[in-house]
Amino acid sequence: MSEMKKIKNLKEFSTSADRFEGANLLCPGCAHSIIVREVLNATNDDLVLSASTGCLEVCTAVYPYTSWDASWIHIGFENGSTAVAGAEAMYKALKTKGRLKQPDRNPKFVSFAGDGASYDIGFQWISGCMERGHNIMHVVLDNEVYANTGGQRSSSTPIGSSSTTAPAGRVSYGEKKNKKDMVAIMASHNIPYAAQVAPNKWKDMVKKIQHGFAVDGPVFINAVSPCTTEWKFDPKDTMHLTDLSTDSLVFPLYEIIDGHELNITYRPKDVVPVEEYLAAQGRFKHLFKDEYKYLIKEWQERVDAQWAHLNRREEARV
Amino acid sequence: MAFDKMELRDIEVWDGNFAAAQALRQCQIDVVAAYPITPSTPIVEGYAKFLADGYVEGEFVMVESEHAAMSGCIGAAAAGGRVATATSSQGFALMVETLYQASGMRLPIVLNVVNRALAAPLNVNGDHSDMYLGRDSGWIQLDAYCPQDAYDLNFIAFKVSEDHDVRLPCMVHQDGFMTSHTAQGVHTLADDVAYSFIGDFKPMNDMLDFEHPVTHGVQTEEDWHFEHKARQHNDLMTKVMPKIQAAFDEFEKLSGRKYNIVESYNMDDADVCVVCMGTSVETAREVAQEMREKGIKAGVVGLRVIRPFPFFEIAEALKGVKAVAALDRSSPNGAPGMLFNEIAGCLYNTQERALLSGYVYGLGGRDLTKAHLVSLYKELQANVDAGKVLTPLQQFIGVRGPKLAFL
């Protein structure tokens, strides 16, 4: 059995030993590092980690420095999932052959990647890993944009946002397509566990990560990661933005077990209007012009419909 | 051990693919991550069957693309164990990004490349386009001319690649169909003998050593990138050839089969010679022998090691030769062929510079016939007699339509 951390409160959480150093080059206010620490803090077991090319990778392993006190690999943009899958295959092979240096350990294999590296360029690799049943966890740091390269749209970029390749302008409100439902797609591989998490709800996060580590087989985690640079908000407001994302139900927190058993894991007491979530970010600023206000109404309707859909799935156990 | 050994006859009738698969079985690979593509598919199929029949132990991961195959191999190799795969052509092309990553991360991986043309137009037959595509990727490249070589060179590949002074991945090339699907007698090694030649895998910077966490695949910019690349090149230029030679020597003692970095045939007194790779070396040897009866002192130089390029060994092999033809089996697409260029470099600063001409042949599996080589040797002899190259520097052999010649 894997060893799980028992963490009672935030103070204990923030001072718990971690294997991801604060010394890194991520922007002040970046949610990536918070999410990574929450994931790593969910276990005391050994770790084999990967990062796909992106903010996390370029900010944590610039030679001759590393922010990682755990086995870590980066290959390319699209193949971080397959990197840990290969390492996991080697672990199984050496275990069978009795050649592990520390045979009593129970390592966890985790790949971190942005939404661009997951929803777009790495999609096939992740799908392959999920389909083949590797004992790995893929965590998407979902900031809904190619942040590392200056804010280009990805297939996770939401409708109406302004990005550098789908900018709002005199005749455009920016992104025309709504984001891909990656959690549903990954759950459709009938993997043992898929979930959406957010760093503000850290207990929910830790519980889900620990569930993911406990199951046998591939796990997909989508973590909302507000990006101070591209979402355009004050770095001190990261947690406020995360609160707005979960409490407006734009990022509902739920899990899907074995591809069909959907559980909503967080029901905000006071649901925040989507308008408040949009208004807090510069990338949606143009939506508040008169001609685009209908989009805010449509945003709310879409979020309501998505929430109703999740509730129906939960009730029907499908 | 939880797998069975296989009793082999001293000589088995194997094609190049099965010979390579048997070598992989005997090397006891820990992880094979692979994706099928013609004509290399039977290598991974063979390996899968060995696994299904209990003749190998380890993980066989059938991934969803060649890019993922090499990505999985990189992850597995960084984790610390013996890793191999196989591919061809388009699959090789899809892998190219990861080839550079594998070598830059100094991971010993053995890749069997069954050479095949590159589209468009789509073509499944053998030429060296994929081999040429990989030549700047930082891998060691060994070249087999026949199934026997494809078997033996796999052992050499693991031995050199996994050496802690080398730590570079290695390709074993064989010609699509001409070698991969042509059955010949292959002298075998007993399982124990073969395995003891390469020995147990010795991990280095392995991710599965949790007492010593390592960071693989870092970012370096203008401050360190050049030093990393220079060091890799330095090791390829200075460390690899001696290791290959030592492995060849040790292998000869074990098997009685002698391999050389450059394979010279009838070169001691040759006036004219061709330099080529793959199955063409064997065809050229036959023709060279026959040319002697016609009064032309013909020889053949085959490359056994393509990367690192045997610069001095080629110059040495070509000493005293008066006319040389470089045979390139890949479309140069707007330049002299790779072999032409490399050989020109070898010869340029030598005292008695041979006359050099280039030939492009065999694209998409087009045969190189003995008749082609006979007239080629005659052209070389005419060059010798005239004291200059009488033909254009680049000619195409065996292509239909008006004769193609350039430069």
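**View 1. Domain 1 and domain 2 of chain B, with C-alpha centres 29 Å apart.** The domain assignment, automatic or from a database, puts residues 11-255 of chain B in domain 1 and 264-406 in domain 2. This is a predicted model, where local features need pLDDT of at least 70, side-chain atom pairs count only at pLDDT 80 or more, and totals for chains, interfaces and linings use all residues. Residues are numbered from 1 along each chain as its sequence is written, while chains are lettered from A and ligands numbered from 1 in the order written.

**View 2. Where domain 1 of chain B touches domain 2 of chain B.** Here 27 residues of domain 1 meet 20 of domain 2, a contact being two C-beta atoms, placed from the backbone, within 7 Å. β6(B) gives the largest share, four residues. That side splits into 15 nonpolar, eight polar and four charged residues (nonpolar: Ala, Val, Leu, Ile, Met, Phe, Trp, Tyr, Cys and Pro; charged: Asp, Glu, Lys and Arg; polar: the others, Gly among them).

**View 3. Helix α6 (147-161) of chain B crossing helix α9 (240-255) of chain B.** Their axes, lines fitted to C-alpha atoms over the stretch in contact, with angles from 0 to 180 degrees between N-to-C directions, come within 10 Å and cross at roughly 130°. That makes α6(B) oblique to α9(B) (under 35 degrees is roughly parallel, over 145 roughly antiparallel, 65 to 115 roughly perpendicular, the rest oblique). Residues in the contact include F155(B) and I156(B) of α6(B), and I244(B) and F248(B) of α9(B).

Key
Helix = DSSP H or I, 4+ residues; strand = E, 2+ residues; numbered from the N terminus.
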